[in-house]
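This briefing covers helix packing, a surface patch, charge pairing and backbone geometry. Please read it alongside the sequence and coordinates.

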Amino acid sequence: MVTNNFNKKLHKLLFKQVSIAPLASFRILFGAMVLLSSIRFVSKGWVGLLYIKPTFFFNYDGFSWIHPFSGMGMYIVYGIMIISALGILLGLFYRFAAILFFLTFTYIELLDKTNYLNHYYFVSIISLFLCFLPANKYASLDIKFKITSKVTQIPNWCILILQLQIAIVYFFAGIAKINPDWLLHAQPLKIWLKSRDYLPIIGHLFSYDITAFLFSWFGMLFDVLIPFLLFNKKTRPYAYLAVVFFHTITGWLFQIGVFPYVMIVATWIFFSAEFLEKILSLFYKDNQTTEIYFQPKYEKLWMSLLVLHFLVQLFLPLRYILYPGKLFWTEEGYRFSWRVMLLEKNAYTTFVVKDKNGKIDEVRTQDYLTPHQEKQMSTQPDMILQFAHFLANDYNKNKGFKNAAVYVESYASLNGHPSKPFIKNSIDLAKEPINLLPKKWILPFNENNN
């Protein structure tokens with residue numbers, strides 16, 4: 001009986017018909033955000049710096065077949081992405097635009113994992129959702145030009161999946177902050193805030209340790225609680241004000257790109273249909289007097305795929321449990337887990353190549369990598385291993401070495417701790433496999449070994 005009642009309530013929650021206004025509003029705001037951020041990326045010169053200038057790219061496992069286009073090719077990709085973002089915003093050739101945006105954006109993000117950011121991963125997920133959601137069936141040019149038919153009501157799950165994805169981002173970001181470095185030592189905020197004591201009016205406050213502790217605890221509580229406060233109708237307006245305040249402050253203090261503004265825009269999906277209909281009415285006049293319902297095709301298939309997606313979303317942030325050692329040190333299971341602003345990690349890494357005939361060469365990493373790539377690689381063991389394999393291949397093919405062996409001397413500092421040996425310098429990394437198994441050549445992080 002209890003199970004039947006639960007199933008009925010769940011079915012009603014997922015499949016009841018609700019206003020399409022939140023989904024249409026989300027499409028417009030998301031489209032505007034990715035359009036502006038893409039234009040900003042090109043205008044800052046980052047296309048050339050990150051995707052044309054480098055001669056080596058750190059591929060993701062399983063995606064080594066993805067390569068950048070040469071010369072103007074990458075600018076053409078960005079041009080296509082900008083046009084498709086505009087299509088999402090206007091709801092013009094929407095389905096094609098959403099698919100094109102997802103493919104171009106995700107292609108760019110898969111080129112080099114030194115450029116990985118949580119909000120890029122978030123944008124890829126959301127743009128994938130939009131490929132299948134009927135977000136163009138209201139307040140769009142597709143309706144005006146009769147490319148699609150208008151609807152006013154859609155199944156509630158079309159909105160819930162966006163809300164749930166956002167809630168997962170926040171909740172796991174908060175859970176990740178429940179660790180000794182963040183709560184008991186206020187690290188790395190203690191380091192970052194003290195470096196901003198030059199700011200006018202409030203800068204002097206950042207020199208006090210108590211300020212870092214207040215920021216740390218507030219950040220953890222905000223991330224953990226904000227999804228529940230946004231879901232609750234009574235607390236939603238106050239929660240959204242907290243979202244705006246929190247992300248505006250963090251964006252101003254820490255210069256973390258467009259992520260704060262992406263989240264400010266994305267959380268509009270939690271507002272009521274009545275409120276969003278009023279906002280849309282300022283720009284879009286709807287004279288429809290009768291409700292038009294939308295029933296997706298293959299709904300059971302979509303439900304199965306969505307269940308699989310959210311199971312993966314729950315697993316990925318927890319997969320670090322499968323690895324030994326300190327997560328922030330080894331970073332095994334770190335990416336794709338919504339861990340935001342948890343590390344201040346610096347490393348000095350040198351590579352030495354040897355062969356069986358006694359040849360030895362200390363590698364000038366700057367000959368192969370940009371400063372950004374070199375900095376990111378030095379702190380992340382999987383990239384160190386990938387670069388070691390590349391060096392062995394390059395020295396065997398181009399520099400007359402035979403069976404080149406690659407050794408690393410590496411020291412790293414994590415969240416204010418003194419620098420420590422990072423990688424076993426007696427291990428030939430060229431012979432270590434590139435896979436998802438624990439990397440036994442990462443030296444353990446011992447807090448007492450200062």
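Which residues make the nonpolar surface patch of about 710 Å²? The patch is made by F171, I175, I178, W217, L221, L225, F228 and L229. The model is predicted, and the points below are grouped by topic.

**Nonpolar surface patch**
- Helices α8 (157–176) and α11 (209–231) each supply at least two residues of the patch.
- The largest share comes from α11, with five residues.
- One of the patch residues, L229, has its place in helix α11.

**Packing of α12 and α13**
- Helix α12 (residues 236–254) packs with helix α13 (residues 259–266) at an angle of about 170°, and their axes are 8 Å apart.
- An angle over 145 degrees counts as roughly antiparallel, and α12 and α13 are therefore roughly antiparallel to each other.
- On the α12 side, the contact is made by Y240, V243, V244, H247, T248, T250 and G251.
- On the α13 side, F259, P260, M263 and I264 take part.
- By class, the residues of this contact between α12 and α13 are seven nonpolar, four polar and no charged.

**Packing of α6 and α15**
- The axes of helix α6 (residues 118–132) and helix α15 (residues 299–315) cross at roughly 175° and come within 13 Å.
- That angle makes α6 roughly antiparallel to α15.
- From α6, the residues Y121, I125, F129 and F132 meet W302, L306, H309, F310 and Q313 of α15.
- The contact of α6 with α15 divides into seven nonpolar residues, two polar and no charged.

**Salt bridges**
- Side chains of opposite charge can pair when their charged atoms come close.
- The structure holds nine salt bridges.
- K194 forms a salt bridge with D209, and the closest N and O atoms of the pair are 2.9 Å apart.
- K194 lies in helix α10 (residues 189–194) and D209 in helix α11, so this pair ties together parts that are 15 residues apart in sequence.

**Backbone geometry**
- The peptide bond from Q187 to P188 is cis, and its omega is near 10°.
- P188 is found in the loop between α9 (180–183) and α10.
- K146 is not a glycine, yet this residue has a positive phi of about 60°.
- The place of K146 is in the loop between α7 (141–144) and β2 (153–155).

Key: Residues are numbered from 1 along each chain as its sequence is written. This is a predicted model: local features need pLDDT of at least 70, side-chain atom pairs count only at pLDDT 80 or more; totals for chains, interfaces and linings use all residues. Side-chain values use heavy atoms; hydrogens and water are left out. Axes are lines fitted to C-alpha atoms, for helices over the stretch in contact, and angles run from 0 to 180 degrees between N-to-C directions. Helices (H or I, at least four residues) and strands (E, at least two) are DSSP runs, numbered from the N terminus. Angles under 35 degrees count as roughly parallel, over 145 as roughly antiparallel, 65 to 115 as roughly perpendicular and the rest as oblique. Contact means heavy atoms within 4.5 Å. Ala, Val, Leu, Ile, Met, Phe, Trp, Tyr, Cys and Pro count as nonpolar, Asp, Glu, Lys and Arg as charged, and the others, Gly among them, as polar. Patches are made of residues with over 30% relative accessible area and no salt bridge: like charges are joined within 9 Å, nonpolar side chains (Val, Leu, Ile, Met, Phe, Trp, Tyr) within 5 Å. Accessible areas come from the Shrake-Rupley method with a 1.4 Å probe; for residues, only the protein chains shown count as cover. A salt bridge is a side-chain nitrogen of Lys or Arg within 4 Å of a carboxyl oxygen of Asp or Glu.
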